[in-house]
Amino acid sequence: PEEAYLRVKGRGRLGAEGLAVLQALTAWREREAAHRDRPRGHVLEDEALVALATRLPEDARSVGRAAGLGRRKVAHYADKLARLIDGARTAPSASWPTPPPRRHKAKGAGDRAAALIALVEERGAAAGIDPALIASRAELRSLAALEPDERPTVDRPVLRGWRRELLGEELLSLLEG
């Protein structure tokens, strides 16, 4: 549960204090979902957690407005969420998670990503394989965003096994220019 915040979309916009709040909220949500035997999104959606970690409401009354929660969820969770937010904010800053370093896109990353996506779609169609099974668009964008001196490693799924045999070397050639 303490690492669940790492899977929340939108966490990259948060500073250390916001990440500390998000970490506390997502850990609670994981435990609450398990306890209630419900999907985590039924307890609170990621967007609500990020909104709370961004706006940092001061009290239970502000929690519902900050996260856009309905009356029912406010009645169930507002006091608990306000306590979690306050607890995370008042914890020593040394215990807060460190925000990841901001990555800037390498020059031409958008064009390289488009080329990589087109290659995967072309090879997938030729082999009768759904391109999404070969590599996700997010993975291809991540590869395209690498700086020229950053060599992609084989720990990426598209550069291992049958995927590498299908088009791995072509992807690497495209990345090198």
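**Helix packing and loop residues in a predicted model**

The buried residues of helix α3 are covered by elements that include α1 (residues 16-36), α4 (60-67) and α5 (71-90). The model is predicted, and for this reason local features are reported only at pLDDT of at least 70 and side-chain atom pairs only at pLDDT 80 or more, while totals for chains, interfaces and linings use all residues. Residues are numbered from 1 along each chain as its sequence is written, and side-chain values use heavy atoms, with hydrogens and water left out. Helices (H or I, at least four residues) and strands (E, at least two) are DSSP runs, numbered from the N terminus.

Helix α3 spans residues 46-55, and its buried residues are Ala48, Leu49, Val50, Ala51, Leu52 and Ala53. Here, buried denotes under 20% relative accessible area, exposed over 50%, and partly exposed the range in between (1.4 Å probe, protein chains only). Helix α1 packs on α3 at an angle of about 145°, with the two axes 8 Å apart. Axes are lines fitted to C-alpha atoms, for helices over the stretch in contact, and angles run from 0 to 180 degrees between N-to-C directions. The crossing of α1 and α3 is right-handed; a crossing is given this name if the near helix is turned clockwise from the far one by less than a right angle, and is left-handed if the turn is anticlockwise. On the α1 side the contact (heavy atoms within 4.5 Å) is made by Gly18, Val21, Leu22, Leu25, Thr26 and Arg29, and on the α3 side by Asp46, Leu49, Val50, Leu52 and Ala53.

The segment before α1 contains Val8, which counts as buried because its relative accessibility is 1%. When residues up to four places away in sequence are not counted, Val8 touches Leu22, Thr26, Arg29, Asp46 and Val50. The C-alpha atoms of Val8 and Thr90 are separated by 22 Å, and the two residues lie 82 residues apart along the chain.

Helix α5 takes part in two further pairings. Two packed helices are described by the angle between their axes and the distance between the axes. The axes of α1 and α5 come within 8 Å and cross at roughly 140°, and the two helices are therefore oblique to each other. In this scheme, angles under 35 degrees count as roughly parallel, over 145 as roughly antiparallel, 65 to 115 as roughly perpendicular and the rest as oblique. The crossing of α1 and α5 is right-handed. Residues Glu17, Ala20, Val21, Ala24, Leu25, Trp28, Glu32 and Arg36 of α1 meet Tyr77, Lys80, Leu81, Leu84, Ile85, Ala88 and Arg89 of α5. For α4 and α5, the axes come within 8 Å and cross at roughly 110°; these helices are therefore roughly perpendicular to each other. The crossing of α4 and α5 is also right-handed. In this pair, Ala60, Val63 and Gly64 of α4 meet Val74, Ala78, Asp79, Leu81 and Ala82 of α5.

Backbone angles in the loops were also examined. Most residues other than glycine have a negative phi, and most peptide bonds are trans. Asp37 is not a glycine, yet its phi is positive, near 55°. This residue lies in the loop between α1 and α2 (40-43), and Asp37 counts as exposed because its relative accessibility is 68%. Leu56, likewise not a glycine, has a positive phi of about 50°. Leu56 is placed in the loop between α3 and α4 and counts as buried because its relative accessibility is 13%.

Helix α6 (residues 109-127) has 19 residues and reaches 27 Å from its first C-alpha to its last, close to the expected 27 Å; the expected span is 1.5 Å times one less than the number of residues. Its buried residues are Ala109, Arg112, Ala113, Leu116, Ile117, Leu119, Val120 and Gly124. These cover an arc of only 160° around the axis, which puts them on the same side of α6; the arc is that of the directions from the helix axis to the C-beta atoms. On the other side of α6, Gly110, Asp111, Ala125 and Ala126 are exposed. The buried residues of α6 pack against α7 (131-134), α8 (137-144) and α9 (161-176). Just after α6, Gly128 has a positive phi of about 70°.

Helix α9 contains Leu174, which counts as partly exposed because its relative accessibility is 33%. Apart from neighbours within four places in sequence, Leu174 is in contact with Arg112, Ala115, Leu116 and Leu119.
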